[in-house]
Amino acid sequence: MDLTWHDLHHSDLTVADLHDVLALRNRVFVVEQECAYQDVDGLDLVRDTRHLLARRPVAADGVVSAEGSAAGGPIVGYARLLAPYDGQPARIGRVIVTAEARGQRLGVRLMERALASCAEHWPGTGVDLSAQAHLVEFYASLGFVVTGEVYDEDGIPHQDMHLP
């Protein structure tokens, strides 16, 4: 799958980028997963938060699809990277591979890029994430280890994981 990758500090997000990110997160987490929760949590635009976007290119005729915007083609992969804070490791969250892009190993590529970004921007801090329980094996294949018991987050079983 031909993609354009963007690893953006929150201050570099355009209004169109932020719109596309929030629309995608709403479509996947709230609508597709049928989980009513407060996605806009105040962490998207603080400290050194970064946003990793994988966009399909704009069509050769320059027409942007309904899922895309002036920022480019539609986002098919996304992760939010929270900077280490108050002695805590970096944190990867809001990880998304869209339904139409699943089964093409985009999740692995997305996480490899997310981990590379964390290593580049915050070396030696380790990385935490809160995995949906059905994805624990996927994250374990990338080196993450379980650090706690399964817990409910907004009606979905999760498990904390850490990569040293």
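Thr98 touches Leu24, Arg27, Ile75 and Val76, leaving aside residues up to four places away in sequence; contact here means heavy atoms within 4.5 Å. The model is predicted, with local features requiring pLDDT of at least 70 and side-chain atom pairs counting only at pLDDT 80 or more, whereas totals for chains, interfaces and linings use all residues. Residues are numbered from 1 along each chain as its sequence is written, and side-chain values use heavy atoms, with hydrogens and water left out.

Thr98 sits in the loop between strand S4 (90–97) and H2. Helices (H or I, at least four residues) and strands (E, at least two) are DSSP runs, numbered from the N terminus. The relative accessible area of Thr98 is 0%, so the residue is buried; buried means under 20% relative accessible area, exposed over 50%, and partly exposed in between (1.4 Å probe, protein chains only).

Helix H2 covers residues 106–121, 16 residues in total. From first to last C-alpha H2 reaches 22 Å, close to the 22 Å expected at 1.5 Å a residue, the expected span being 1.5 Å times one less than the number of residues. Among the buried residues of H2 are Leu106, Val108, Leu110, Met111, Ser117 and Cys118.

A nonpolar core is a set of buried Ala, Val, Leu, Ile, Met, Phe, Trp, Tyr and Cys residues joined through side-chain atoms within 4.5 Å. The largest such core has 28 residues, and those with the most contacts inside it are Ile92, Val127, Tyr139 and Phe144. Two or more residues each come from strand S2 (50–55), strand S3 (75–82), S4, H2, strand S5 (127–132), helix H3 (136–140) and strand S8 (156–163). H2 gives the largest share of this core, 6 residues. Tyr139 touches Val95, Met111, Leu129, Ala131, Phe144 and Met161, not counting residues up to four places away in sequence. Another core, of 13 residues, lies apart from the largest one and includes Leu13, Cys35, Tyr37 and Ile75.

**The largest pocket**

On a 1 Å grid over the protein atoms alone, a pocket is an open set of points where a 1.4 Å probe fits, with protein on both sides within 12 Å along at least five of seven lines; lining residues have an atom within 4 Å of a point. The largest pocket holds about 860 Å³ of space, a volume being the space filled by probe spheres set on the points, which are joined across faces, edges and corners. Of its 38 lining residues, Phe29, Val95, Gln132, Leu135 and Tyr139 are the closest to the centre. Helix H1 (15–32), S3, S4, H2, S5, H3 and S8 each give two or more residues to the lining, and S4 gives the most, with 7 residues. The lining divides into 20 nonpolar, 9 polar and 9 charged residues, where Ala, Val, Leu, Ile, Met, Phe, Trp, Tyr, Cys and Pro count as nonpolar, Asp, Glu, Lys and Arg as charged, and the others, Gly among them, as polar.

**Partly exposed residues**

| Residue | Relative accessible area |
|---|---|
| Asp7 | 30% |
| Arg47 | 44% |
| Asp154 | 43% |

Asp7 belongs to strand S1 (residues 4–9) and touches Arg50, His51, Leu52, Ser117 and His121, again not counting residues up to four places away in sequence. Arg47, in the loop between H1 and S2, has a positive phi near 40° and is not a glycine. Asp154, in the loop between strand S7 (151–153) and S8, has a positive phi of about 55° although it is not a glycine.
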